[in-house]
Amino acid sequence: MHILHVVGARPNFMKAAPVLVSLAGKPGVRQTLLHTGQHYDAAMSDVFFQQLGMPAPDLNLEVGSGSHARQTAEIMTRFETVALERKPDLVLVYGDVNSTMAAALVCSKLGVRVGHVEAGLRSRDRTMPEEINRLVTDQLADLLFTPSSDADENLFREGVDASKIHRVGNVMIDTLVRLLPCAKAHRAGDVPNRYVLVTLHRPANVDDLPWLGELLLALSALSQEITVVFPVHPRTRQRIADLGLSALSNGHLRLMDPMPYLNFLALQQQAQLVITDSGGIQEETTFLDVPCLTMRENTERPVTVTLGTNQLVGRDIARMQSEARRVLAGESKRAQPIPLWDGKAAERIADVIARQ
Ligand code: UD1
């Protein structure tokens, strides 16, 4: 069986890595790894391949940045040629980025089977580009690999046939479990023992410049009490420059370049608190039992709130500040284990595929 994996953006890489390894152990499986080039900076892509021990992609579509329509169309056009030439039996797509949906659409029109890893997550917020990508991809996929029971329920509600749904657990946690022992060696030497770790990159937070300005000033105020370490995504860096606020960075509020996987994992594990709008970081902090405040009104990962350490603080700076103070005073909720987030999700995916 020829399996073609499509990855494109930073959060895809740690999801695909364990699936590639598990499928390599199955007899008769041949694999091709395709990178769409949605993320192209070395710090957003190459360093992840190195640290995750992934093979270099067999193919790179080099689509780069653009509007959603342009980027999606470019991926579709270039991927169609590859799919016709390479004739995969199954295409695996990951998560909820534009590359995921674009590849699923191409496959469904060509009659190529698609498996979606991390299926069924829903924020119910259609202003998020990722929610559109999730909805479309799950309607088209033939195999839906879900991380949690809420995802199964979402898919049932949308009429997806139960025979297509396979609850396998969380592949991002597979990578975390494998690499956590290596992370300690990658801890940044100049970061103090107590610090808050921040990431922000969602359009709702960073493309609204007055709001981003307020957030940065609040983080700057927090940094008077505890060091704030903020690895900055390229789009966020551009917006901070547009606001003329790059100079806010100092020894207390540290605006840094995006970090490689292991370095960021080490920082997460030892943080007093993480403030984020990322999806994956909500899951990783829950697994690591580190308190997390999510600067969003909703989450497609509700299990991180019900069982984990995550709290939604929405677009409410006063709430973020008061919750941060509570956590720093030692009043945080503890995480409970989440079923099937055990480091073996990719093995379960490979078993399902081998039975096809
Ligand atoms: C994408 C995903 C988002 C995911 C995020 C992780 C979509 C719709 N969004 O958002 O779900 O959480 O990746 O990072 O697919 N840029 C660079 N270098 C790069 C990549 C991007 O400078 O290597 C800049 C460009 O200015 C680009 C902007 O970042 O326009 C946004 O990149 P894009 O891939 O469109 O979306 P992300 O915000 O990264």
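Me: Which side chain has an N or O atom 2.8 Å from an oxygen atom of the ligand?
Reply: His-201 does: in this predicted model, an N or O atom of the His-201 side chain is 2.8 Å from a ligand oxygen. Gln-38 also puts a side-chain N or O atom 2.8 Å from an oxygen atom of the ligand.

Me: OK, and what does the backbone of Asn-98 do?
Reply: A polar backbone atom of Asn-98 is 2.8 Å from an oxygen of the ligand.

Me: How much of the ligand does the protein bury?
Reply: The protein buries 85% of the 740 Å² that the ligand exposes when taken alone.

Me: Where does the ligand sit, then?
Reply: In the largest pocket.

Me: Which elements give two or more residues to the shell around it?
Reply: Those are helix 1 (10-24), helix 3 (68-86), helix 5 (129-140) and helix 10 (234-243).

Me: Switching to domains: why does the ligand lie between domain 1 and domain 2?
Reply: Because both domain 1 (2-169 + 341-354) and domain 2 (182-328) give residues to the shell around the ligand.

Me: How many residues are around the ligand, and which come nearest?
Reply: There are 21, and the nearest are His-39, Asn-98, Glu-130, His-201 and Arg-235.

Me: What's the shell like by class?
Reply: Nine of its residues are polar, six are nonpolar and six are charged.

Conventions:
Residues numbered from 1 in each chain as written. Predicted model: local features only at pLDDT ≥ 70, side-chain atom pairs only at ≥ 80, totals over all residues. Heavy atoms only, no water. Near = heavy atom within 4 Å. Polar contact = N/O pair within 3.5 Å; in protein donor to acceptor, adjacent residues only side chain to side chain. Areas by Shrake-Rupley, 256 points an atom, 1.4 Å probe, with all protein chains shown as cover. 1 Å grid on protein atoms, 1.4 Å probe; cavity = no way out; pocket = protein on both sides within 12 Å on 5 of 7 lines; lining within 4 Å. Sits in = over half its atoms within 2 Å of the grid points. Helix = DSSP H or I, 4+ residues; strand = E, 2+ residues; numbered from the N terminus. Nonpolar A, V, L, I, M, F, W, Y, C, P; charged D, E, K, R; others polar. Domains from an automatic or database assignment.
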